[in-house]
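This report goes through one structure in plain terms. Please keep the sequence and the 3D view open while reading.

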Amino acid sequence: MNDTPLITLEDLRTHGLLPDTYKAVYLSGSRVRGWGNAASNLNIYVITGDEQWQRPTTNPHPIALRPDTLSVEILTVDGCRWDVEYWMDAQVDQVLSKVTWDEYETGQIAGGRLTSYEIDFLERLTYARAITGEEWLTGRVADLRTSAYRASLVARGLNFADVAVEDAVGQMESGDIESAVLSARIAFGFSVDALLASHDEFGGSPKWRARRYRIAAPPEVSFDEYWALESMQSLDPAAPGKWVEEVVMFCRKVASEVEIEERP
Amino acid sequence: MSHQALANSVPVPRLDVRIRKSRGKLTVAGPEHVFELEGVILDIWKMIDGSRTIRDIGALISEEYDVPVGEAVDDTAEALMELVEHGLLTLRSDDE
């Protein structure tokens with residue numbers, strides 16, 4: 001966390017990025033986790049009340065919530081790109097409502113309604129650093145801890161992995177081996193995400209998967225075994241079907257070892 | 001075919017079998033049938049690795065549960081045949 005640039009409310013105000021009222025402002029993302037590099041952007045989150053942030057410079061990103069856009073400002077300050085996301089508190093409520101135990105037990109694909117924006121948002125809550133609004137942040141993290149967040153992401157990963165495995169198997173059977181390899185890669189990613197989520201390492205970005213694996217260090221599958229498949233070391237271009245089968249066996253192993261959680 | 005005649009076969013799960021673990025049990029689902037595995041059959045399932053024969057698995061079960069090898073191989077074959085009949089496993093001949 002030492003490389004996190006010091007951002008103050010005054011910095012945001014100076015650049016016209018601070019609303020008149022707000023519930024919390026915090027930093028998160030790779031720089032806060034200590035994974036940043038010179039090219040990394042800084043992820044800044046501003047939580048607003050009833051007013052949605054809207055300026056001529058605002059990029060409205062479509063999301064599956066109400067209001068159905070997320071306000072984002074992007075600018076470069078002293079060579080560092082700032083990504084500022086403005087979430088309304090009511091939007092945060094809606095995201096959390098997708099990972100309640102009631103929702104988990106509906107029989108729908110658990111976590112299936114979460115979009116990548118929402119998965120990133122929730123993941124970044126877990127290690128965020130408050131600039132202001134520590135109480136809001138602490139409360140939201142506590143909400144997350146008692147929710148079915150982990151269970152939902154585990155189930156989501158396993159379910160999507162199953163679907164991709166079925167694709168891979170069907171494609172292999174029809175002789176479409178190249179497509180089977182791509183489907184197997186997708187299955188592998190979901191399967192690893194499920195395994196990591198079961199060890200409280202969340203997040204949907206594949207670029208940090210190895211980092212997350214190192215931290216979670218799941219006893220079910222060694223890092224070396226994981227990395228061999230992630231980096232496709234055993235893929236024989238002359239017989240790629242064998243690699244697909246290895247991936248399928250990996251997914252089966254993960255599903256056999258990861259416990260499906262139930263409401264406490 | 002007798003169980004001993006099957007002993008050199010290698011059990012191989014369907015590639016697209018769906019598995020979930022909950023409360024110490026495994027739910028294993030094929031396209032038509034769902035099985036809940038626990039106890040000895042769960043241990044047998046876990047020993048399937050795509051290279052062990054039924055005889056190999058029976059020998060491991062024999063050690064684990066302290067029963068005669070022949071009896072363990074028979075029981076292993078019987079348990080796995082049920083999964084084969086419901087399409088969750090196939091048996092590969094050891095000399096393939």
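Domain bounds, as used here, come from an automatic or database domain assignment. For chain A, that assignment gives domain 1 (9–147) and domain 2 (154–257). The model is a predicted one: local features need pLDDT of at least 70, side-chain atom pairs count only at pLDDT 80 or more, and totals for chains, interfaces and linings use all residues. Residues are numbered from 1 along each chain as its sequence is written, while chains are lettered from A and ligands numbered from 1 in the order in which they are written.

The centres of domain 1 and domain 2 of chain A, taken over C-alpha atoms, are separated by 29 Å. Two residues are in contact if their C-beta atoms, placed from the backbone, lie within 7 Å. By that rule, 11 residues of domain 1 of chain A are in contact with eight residues of domain 2 of chain A.

Chain B has four helices and five strands. Helices (H or I, at least four residues) and strands (E, at least two) are DSSP runs, numbered from the N terminus. Read from the N terminus on, the elements of chain B follow the order α-β-β-β-β-α-α-α-β. The C-alpha atoms of chain B fill a box of roughly 30 × 30 × 20 Å, taken along the principal axes. Among contacts in chain B between residues at least 6 apart in sequence, 56% join residues at least 24 apart.

Chain B also touches chain A: 11 residues of chain B are in contact with 14 residues of chain A. Strand β2 (residues 18–22) of chain B supplies the largest share of the chain B side, five residues.

Some backbone details of chain A remain. A cis peptide bond, with omega about -10 degrees, joins A:Arg66 and A:Pro67. A:Pro67 lies in the loop between β3 (59–62) and β4 (69–77) of chain A.

| Residue | Phi |
|---|---|
| A:Asp200 | near 65 degrees |
| A:Ala217 | about 40 degrees |

A:Asp200 is found in the loop between α8 (177–198) and α9 (209–216) of chain A, and A:Ala217 in the loop between α9 and α10 (223–230) of chain A. A residue is buried if 20 or more other C-beta atoms lie within 10 Å of its own, exposed if 12 or fewer, and partly exposed in between, with C-beta atoms placed from the backbone. A:Asp200 has 13 other C-beta atoms within 10 Å, so A:Asp200 is partly exposed. A:Ala217 has 10 within 10 Å and is therefore exposed.
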